[in-house]
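Subject: Structure handover

Hi,

Here is the structure I promised to pass on. My notes follow below it.

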Amino acid sequence: MNSFALETDKVSFAYPDGFVALKEIVFRVKRGEFVAMLASNGSGKTTLIKVLAGLLVPQSGSVKVDGQPLREYSQAALYQRLGLVFQNPNDQLFGATVAEDVAFGPRNLGLPEQEVQCRVAEALLAVGAEELAARAIHHLSFGQQKRVAIAGVLAMKPAILILDEPTAGLDPAGEHSMLRLLGSLNREQGITIVLATHSVDTLPLFADRIYLLNRGRVLKEGPSEEVFRDHELIESASLRLPYVSRLLHELKRFHGVPIEGLPLTLGEAREQLLKLIPDEVILPVIKEGGL
Amino acid sequence: MKQKQLVYIYLLFMAFALPSTAQAMHISEGVLPPQWAALWFIVAFPFVAWGLRDLRIKSQRDPAFKLMVGLVGSAVFVISCMPIPVPTAGTCSHPCGTGMAAILIGPTLTVVVSSIALLLQALFLSHGGLTTLGGNILSMGIVGAFTGWAVFRITRKLGLPVWSAAFLCGVVSDWATYATTSFELASALHGTSSFLKMFAAIGASFMPTQIPLGIFEGVITAGIYQFIMPRRPEVVECLGVEKPQPVIESNKAEAVV
Amino acid sequence: MSLLSEIFSDLFARQDNVLTRVDPRTKLIVALGALCAMIFSRTPLFPLAVLALCLVATIAVGVPKRLVVLRLAAPLGIASVLLLLQSVMAGTTPLWTLVILGAKITITREGFSGGLLLASRVLGGMSVMLLLSSVTPAHRIFHAMRALGAPEGWVEIAMLMYRYTFVLLDLTAEVVSAQKVRLGYAGMQRGLCSAGLLGGTVILRAMDQAVATNEAMRVRGYNGKIPLGPMPALARCDAWILGGSGVVLAGLFFGTEVLCR
């Protein structure tokens, strides 16, 4: 038994109209990892996600979940291991009220009603939406809908959670709290998290590893520092560095500011800059201000 | 003298009926006496049961079918809420969409979908009613769907272009619905006077709005069909318009998403 | 369209009050009982009494008067048409004779009272449905119907339709505005063309939504059946409410019958 929660071996997928969406993708996620697929629009993220979740069957290559080939799973067994949250919450939320919708999965598993209610309450608590239980789906805001959609999948108690663009369409605060939520699910409940995104700014804070995808291929794979180090590759994939890294990178490249490595997050960048700024330039007021 | 009186009655009726043409197709709660209400329920029931049987069989073969019926149902419901300006009446009216639905999901399932739409309209929009639900299912669901569907099929068999088939489907389903509604109203309301006189009065007062409205419905049905056909041929096929076998493969539909 | 969304949205049914707390099955049975009694009634007094009761209750649970008027405007129009139509077309005993522009129009006694009865039934019936829908969200009504024996497939489709109507209404509103800002509704011909495009877009979106929702449901274990949660057992107070409203309705029904004889 290996330690991979998800593993694909040279998976290729073409749509019936001939469009090749995935070319020999090798994608591995260890148990308990937080992995991001970083890719621009139309580069095969959603297709790969659907292949991982067994919704699309690849023409070649194999997909394994917990070391076992996907096709050997029954539907019920597979979807208790692996949960999938869609990009558009409307796709997923078809129940009339929040509680009804979250109860859909557990009821499909044939659990007794008491257990169903228990799971609904737990799942809503986990995403911080417990006060929404009796609300109608059509009265929720977009951010609330996204949270409820995640709760609906968490109620299945999956060990692996795959999310397609969980932060798309959210405001900055919503984006941050969504990633924090996923981070805490990952650390506290040990859920393996795989997410697809193209928001580069917040990602390095949370993801253990990044897969860089472009036009159906894996361009690069590794910890975020490693992936972002190759800026030209990032740009060729129609993405960019986080703004703060780009600023420091340009300072270094065009102005010769001696910056070590490539800071990716705000915190790292601040540390680096503080090292370079002479103490006498810094006003004492600001220093007292809690830096 | 009698003639003249009828003309006045007609004008009077028009003046009051026109502002509420949107409701003209629906028989309002309380209008049908018990025996008629019960009769229409009895007539409508087997058709709804037939539709539900189809639903069960088809969704056993493919669970996605149920979703397709529900979603096309709510799309048609939303379309039936779209206001269309009626030039003769100077007001807005609404298409029924049953012809369109019958092309897309078949007449039996259209009956199911329109029974739900009619219930929602009665409860939440004050159009139609609960005791009159049977009568409304008959006129809007059953007659509208089956005539529209039959006309579409026959015109296609005759080799006429698709847009004309869709147009005729819309026109015929709309007019057939309105004729049935008039029939139901007249038979329930004529009291001691003659049924034909009542039928003529009701029919005549709906005519100025329903004739253009039926044509509009036809144009819109054709427009919708022309819009969907080239973009989603396989879905329309799946729904059994061009080929009888309804198999919805998610991969297949995915290709064009 | 936004107005429609507002009326259609069950905002008031989701508030917490005495009537929303009653089991939906009980409310449904009482409402159906009232509607049936109404079409059996032979005097307009019974429907009018029900109308008064329902209106008072609807206002009392906090539905804005504007909305009540809006919901009852169309039925009021229908009621007046029915009254006029019956007055002039049915019966033989003349009550009043009006001369309008040289034509004699006779309003008959039988016709007038028959019209009054029909008009009162329309308004009474509409007020019952208004009250029911103001204190019971749509999904609870469907749930209750399932519990009372409505077919499973019908209830499932009803729930799906109701839920996605809101999604599609939003879409329609967006497409209409997008068409309007590009002059899609200037003139009738262009208007009809835009309406066709709009309808097509709505249906296509609905089809895509069906495919996407089906996938999302499969991932959560869907296999062709949408499970409904159980309904709680009817409480003792439901029996009291049922019995009480039965007695009130029967009392009103027979009381008004006797009164009119």
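**Chain A overall**

For the 291 residues of chain A, a compact globule would have a radius of gyration near 19 Å; chain A comes out at 21 Å, which agrees. Please keep in mind that this is a predicted model. The C-alpha trace of chain A spans about 70 × 45 × 35 Å along its principal axes. Chain A holds 13 helices and ten strands. Of its 291 residues, 45% are buried. Among contacts in chain A with a separation of 6 or more, 64% join residues 24 or more positions apart.

**Where chain B meets chain C**

This contact draws 72 residues from chain B and 78 residues from chain C. On the chain B side, α1 (2-17), α2 (34-61), α3 (64-79), β1 (84-86), α5 (107-125), α8 (195-231) and α10 (250-254) each supply at least two residues. Which element of chain B gives the most to that side? It is α3(B), with 14 residues. By class, the side of chain B that touches chain C has 47 nonpolar, 18 polar and seven charged residues.

**A helix pair in chain C**

Look next at helix α4 (residues 65-89) and helix α5 (residues 109-135), both of chain C. Their axes come within 7 Å and cross at roughly 165°. An angle over 145° counts as roughly antiparallel, so α4(C) is roughly antiparallel to α5(C). The crossing of α4(C) past α5(C) is right-handed. The contact between α4(C) and α5(C) has 19 nonpolar residues, six polar and one charged.

Best wishes

Conventions:
Residues are numbered from 1 along each chain as its sequence is written. Chains are lettered from A and ligands numbered from 1 in the order in which they are written. This is a predicted model: local features need pLDDT of at least 70, side-chain atom pairs count only at pLDDT 80 or more; totals for chains, interfaces and linings use all residues. Two residues are in contact if their C-beta atoms, placed from the backbone, lie within 7 Å. Helices (H or I, at least four residues) and strands (E, at least two) are DSSP runs, numbered from the N terminus. Ala, Val, Leu, Ile, Met, Phe, Trp, Tyr, Cys and Pro count as nonpolar, Asp, Glu, Lys and Arg as charged, and the others, Gly among them, as polar. Axes are lines fitted to C-alpha atoms, for helices over the stretch in contact, and angles run from 0 to 180 degrees between N-to-C directions. Angles under 35 degrees count as roughly parallel, over 145 as roughly antiparallel, 65 to 115 as roughly perpendicular and the rest as oblique. A crossing is left-handed if the near helix is turned anticlockwise from the far one by less than a right angle, and right-handed if clockwise. The radius of gyration is taken over C-alpha atoms; the globule rule is 2.2 Å times the number of residues to the power 0.38. A residue is buried if 20 or more other C-beta atoms lie within 10 Å of its own, exposed if 12 or fewer, and partly exposed in between; C-beta atoms are placed from the backbone.
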